[in-house]
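Here is a walk through one model, from its helix packing to its ligand shell and its annotated sites. Please keep the view open while reading.

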Amino acid sequence: KKILVIHGPNLNLLGEREPGVYGTDTFESINDEIVSHALSYGMHCEVFQSNHEGEIIDELHLARKKFDGVVLNAGAYTHYSYAIRDAIAAIKIPVVEVHLSNIHARDAFREKSVIAPVCVGQISGFGKYSYLMAVDALNYRWKASEE
Ligand code: DQA
């Protein structure tokens with residue numbers, strides 16, 4: 001299976017951005033861990049990052065033909081982008097919503113995810129492990145559907 005990890009705005013600064021909230025691991029090192037974790041399940045994994053809403057939407061459209069599933073941290077777009085929500089709803093491949101921080105334990109505006117209803121599930125609050133758990137979730141889904 002092929003999976004795509006999409007990181008939204010400001011996540012390129014992981015490691016230096018609010019380390020008390022998001023940790024000190026760099027963006028590059030987290031991506032390396034995700035890719036090798038996926039490989040341990042025999043999955044091919046690619047990574048995309050953009051600070052622009054339309055680019056994230058374009059990438060979701062492209063992913064529907066090239067990948068079997070998506071791990072998405074939409075950053076702050078999570079809380080208000082109906083356009084990203086509609087893009088997820090428009091494609092048939094499963095999208096797992098991911099957050100490093102627990103969005104339910106922070107500012108009130110972060111508690112609402114407008115993309116959650118169109119994702120297969122949400123993993124929030126486990127730092128970089130949220131991404132690894134999202135890979136586990138996709139693997140589990142596919143294994144379960146084979147049984
Ligand atoms: C985030 C949580 C969002 O509220 C925030 O805007 C981010 C990162 C997370 O991974 O915890 O950019 O998605």
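Helices (H or I, at least four residues) and strands (E, at least two) are DSSP runs, numbered from the N terminus. Axes are lines fitted to C-alpha atoms, for helices over the stretch in contact, and angles run from 0 to 180 degrees between N-to-C directions. The model is predicted: local features need pLDDT of at least 70, side-chain atom pairs count only at pLDDT 80 or more, and totals for chains, interfaces and linings use all residues. Residue numbers start from 1 along each chain as its sequence is written.

Start with helix α3 (residues 53–66) and helix α4 (residues 82–90). Their axes come within 9 Å and cross at roughly 0 degrees. That makes α3 roughly parallel to α4; angles under 35 degrees count as roughly parallel. From α3, the contact takes Glu-53, Ile-56, Ile-57, Leu-60 and His-61; from α4, it takes Ala-83, Ile-84, Ala-87 and Ile-88. Contact here requires C-beta atoms, placed from the backbone, within 7 Å. Seven of these residues are nonpolar, one is polar and one is charged. In this scheme Ala, Val, Leu, Ile, Met, Phe, Trp, Tyr, Cys and Pro are nonpolar, Asp, Glu, Lys and Arg are charged, and the others, Gly among them, are polar.

Next come helix α2 (residues 27–40) and helix α6 (residues 129–146). Their axes come within 10 Å and cross at roughly 20 degrees. α2 and α6 are therefore roughly parallel to each other. On the α2 side, Ile-30, Glu-33, Ile-34, His-37 and Ala-38 make the contact; on the α6 side, Tyr-131, Leu-132 and Val-135 do. The classes are six nonpolar, one polar and one charged.

Now turn to the ligand. Which residues surround the ligand? They are Asn-10, Asn-73, Gly-75, Ala-76, Thr-78, His-99, Leu-100, Ser-101, Ile-103 and Arg-110, each with its C-beta atom, placed from the backbone, within 6 Å. The shell divides into three nonpolar, six polar and one charged.

An unreviewed entry marks Asn-73, His-79, Asp-86, Leu-100, Ser-101 and Arg-110 as "binding site". They span 38 residues in sequence, and the farthest two C-alpha atoms are 24.0 Å apart, so they do not all gather at one spot. Asn-73 sits in strand β3 (residues 69–73). Under "active site", the unreviewed entry lists Tyr-22 and His-99. These are spread over 78 residues of sequence yet cluster in space, with a largest C-alpha distance of 9.5 Å. Tyr-22 lies in helix α1 (residues 19–22).

Terms used. Angles under 35 degrees count as roughly parallel, over 145 as roughly antiparallel, 65 to 115 as roughly perpendicular and the rest as oblique. Two residues are in contact if their C-beta atoms, placed from the backbone, lie within 7 Å. UniProt positions are given in the numbering used here, feature names are shortened, and annotations may be inferred rather than shown by experiment.
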